[in-house]
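Subject: Structure handover

Hi,

Please have it open while you read.

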Amino acid sequence: MWLLRLKIALIIFAVSGASVVARLFYWQIVAAENLSALAESQHLSRIEIPAQRGRIITSDGFTLVGNEPAFLAYAYLPDLDRRPDEIASLLAPLVRPETDATASAKMVEELTELTEATLSSRLSRQDVIWVPLARKILDAVKTRVLDLKLKGLGFEPENIRFYPEASLSASLIGFVGDDVSGNPKGYFGLEGYYDLELKGRPGIVRQEKDATGKPILVGNFGGFAAKNGRDLKLYLDRAVQRLVEIELEEALTRYGAKSGEVIIMDPKSGGIIAQANLPKYDPQKFSQFDSSLYRNPSIAAAYEPGSTFKVLIMSAALDSGVVKPTTRCDMCGGPVTIGKYTIRTWNNEYFENPTMIEVIQRSNNIGMVFVGQKLGEEKLVDYLKKFGIGSPTGVDLQEESVPELRERWGDIDIATTSFGQGIAITALQMLRAVSAIANYGVLMEPHVVSEILGDTTVKISPKEVNRVISQKTAEDITAMMVNAVDSGEAQWTKLPGYKVAGKTGTAQIPVAGHYDEDKTIASFVGFAPADDPKFAMLVKLEAPTSS
């Protein structure tokens with residue numbers, strides 16, 4: 001019996017010993033890294049020093065987007081000498097989110113109550129000794145909080161975006177909001193596309209602390225400095241941008257349009273000289289505006305370009321040799337029927353045997369159907385792809401969308417595409433394609449940023465995508481566009497002393513499988529001086545109520 005008991009005792013000791021060894025192995029080997037991190041967090045404080053976000057500056061060095069000092073308000077809970085709800089009640093009216101002038105008294109009251117509840121909850125926490133209360137506090141608000149003489153409150157410096165030109169270029173710039181962790185993050189436009197370049201790298205300060213969480217003056221101290229973000233220098237010309245926004249605003253009022261867009265590009269470099277959209281928003285107060293305004297419609301919204309598209313189809317036909325400028329349309333004496341559809345000219349006027357020059361001059365839909373049929377599906381689709389239709393432009397802005405080309409082409413699709421209906425593009429795609437004509441047939445990749453400035457300067461060199469048409473074809477279609485401005489439907493765009501190449505367009509707006517009977521998109525695309533283009537420009541007004 002005693003021998004059995006001895007064996008049981010030995011087994012128990014063996015199992016117990018193995019368990020102890022296994023547990024020691026777990027704590028010292030498997031869980032060592034986690035335990036070490038936990039211990040470090042208990043006796044070391046880690047403070048993040050925010051980096052200053054890079055500036056966005058115009059081609060002449062003027063700051064479009066900079067930074068101004070602000071503060072993170074926080075509470076050191078062991079030092080508070082008043083109840084959390086009392087402190088929250090005093091702070092809420094000062095640190096609640098800002099509202100605009102249209103906010104009602106009830107809305108402000110509800111926002112204040114929500115802020116108060118959030119602050120009270122944070123100040124009541126038992127699992128931490130330090131809690132953030134409000135970010136991006138300006139100096140004037142900080143002073144008012146300090147005047148309350150509340151113990152346990154403190155401030156850490158940080159920066160917020162500052163816009164010297166207010167909402168100028170808002171759709172191009174984007175804005176800075178917070179990510180899911182509450183850290184600053186760029187959204188839309190340049191702020192979104194170049195977020196990594198702009199935000200820099202935050203610094204870290206590590207300080208040994210005692211059991212109450214207070215720093216030990218003779219304890220370990222270390223970390224690394226913050227590295228500020230890099231600046232972006234743009235192709236954008238501030239004076240041109242300002243003029244564009246003023247004129248566009250006047251145009252919306254004059255023609256009663258719902259919205260408007262303007263893009264100006266250097267056709268030889270692809271640099272965006274100006275780009276404006278209306279209505280717009282204030283990036284400083286982006287949360288007070290409808291989120292639909294954040295997207296840049298010039299790169300994110302598709303539309304049917306209408307007659308402006310005719311210059312691309314005519315270029316393709318000239319370049320492929322299926323027509324010449326003097327070729328005559330032998331089917332332009334009246335409407336043309338394709339299947340169950342009848343196509344007419346925009347003004348229901350018809351001319352016998354017009355030349356291709358006259359087809360562009362009069363913006364003749366029937367003449368363009370003639371050109372489309374001469375091209376055929378294979379050549380038409382090939383040239384559309386060369387012009388970049390159906391592909392990303394490569395512009396350095398966030399949220400570019402790419403309307404796809406149709407996969408199957410019927411006779412009616414070729415016909416309507418020839419005069420810019422039944423095909424979807426973005427405004428920037430359209431301008432870039434016409435800029436290829438201005439650039440003697442070479443398509444460029446558009447860019448907003450010319451240089452990234454920091455420890456080293458990175459130049460964004462102009463990038464040729466491909467040759468779309470020959471120089472001779474570009475010269476021929478340019479001459480036809482100049483004639484359209486001098487003698488055709490675009491005469492109103494002619495400027496004394498300037499040789500302008502251009503084309504107007506009026507397109508129907510597709511709605512739920514059909515075209516809106518009352519609303520159109522009016523546009524103009526062109527470049528100048530026509531013999532040595534310095535800029536190409538597209539203007540687009542949606543749903544104007546007068547001609």
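Predicted model: local features only at pLDDT ≥ 70, side-chain atom pairs only at ≥ 80, totals over all residues.

The angle between helix H11 (residues 310–320) and H15 is about 40°, and their axes are 10 Å apart. The crossing of H11 and H15 is left-handed. H11 brings Val-311, Leu-312 and Ser-315 to the contact, and H15 brings Met-430, Ala-433, Val-434 and Ile-437. By class, that contact of H11 with H15 has six nonpolar residues, one polar and no charged.

Stay with H15 for a moment. Gln-429 sits in this helix. Is Gln-429 buried or exposed? Its relative accessible area is 2%, so Gln-429 is buried. Beyond its neighbours within four places in sequence, Gln-429 contacts Gly-388, Ile-389, Gly-390, Ser-391, Thr-393, Val-402 and Pro-403.

Phe-419 is in the loop between helix H14 (411–418) and helix H15 (427–438). Phe-419 has 9% relative accessibility and therefore counts as buried. Which residues does Phe-419 contact, leaving aside neighbours within four places in sequence? They are Gly-306, Ser-307, Lys-310, Ile-343, Asn-365, Met-368 and Val-369.

Helix H13 (residues 365–386) and H14 have axes 8 Å apart, at an angle of about 100°. H13 and H14 are therefore roughly perpendicular. By class, the contact of H13 with H14 has six nonpolar, four polar and one charged residues.

Helix H3 (residues 84–95) and helix H5 (residues 139–146) pack at about 165°, with their axes 10 Å apart. That makes H3 and H5 roughly antiparallel, because angles over 145 degrees count as such. The crossing of H3 and H5 is right-handed. Leu-91, Leu-94 and Val-95 of H3 meet Val-141, Arg-144 and Val-145 of H5. The contact of H3 with H5 has five nonpolar residues, no polar and one charged.

Now a link across the sequence. Ala-257 is in the loop between helix H9 (238–255) and strand S11 (259–265). Ala-257 counts as buried because its relative accessibility is 12%. How far apart are Ala-257 and Glu-542 in space? The C-alpha to C-alpha distance is 5.7 Å, although the two are 285 residues apart in sequence. Not counting residues up to four places away in sequence, Ala-257 touches Leu-252, Leu-541, Glu-542, Ala-543 and Pro-544.

Please also look at some backbone features. Most residues other than glycine have a negative phi, and most peptide bonds are trans. These spots depart from that:

- Leu-278 and Pro-279 are joined by a cis peptide bond, with omega about 0°. Pro-279 is in the loop between strand S12 (272–278) and helix H10 (297–300).
- Ala-528 and Pro-529 are also joined by a cis peptide bond, with omega about -20°. Pro-529 is in the loop between strand S20 (514–528) and strand S21 (535–542).
- Lys-149 has a positive phi, near 55°. It lies in the loop between H5 and strand S5 (153–162). Lys-149 counts as exposed, at 71% relative accessibility.
- Asn-353 has a positive phi, near 50°. It is in the loop between strand S14 (341–343) and helix H12 (356–361). Asn-353 counts as partly exposed, at 36% relative accessibility.

Last, the chain overall. The protein chain has 16 helices and 21 strands. Of its 547 residues, 45% count as buried. Among contacts between residues at least 6 apart in sequence, 71% join residues at least 24 apart. The chain exposes about 27900 Å², and carbon and sulfur atoms supply 54% of that area.

Best wishes

Methods: Residues numbered from 1 in each chain as written. Heavy atoms only, no water. Axes fitted to C-alpha atoms, helices over the stretch in contact; angles between N-to-C directions. Helix = DSSP H or I, 4+ residues; strand = E, 2+ residues; numbered from the N terminus. Parallel < 35°, antiparallel > 145°, perpendicular 65-115°, else oblique. Left-handed = near helix turned anticlockwise from the far one by under 90°. Contact = heavy atoms within 4.5 Å. Nonpolar A, V, L, I, M, F, W, Y, C, P; charged D, E, K, R; others polar. Buried < 20%, exposed > 50% of the residue type's maximum accessible area, 1.4 Å probe, protein only. Areas by Shrake-Rupley, 256 points an atom, 1.4 Å probe, with all protein chains shown as cover.
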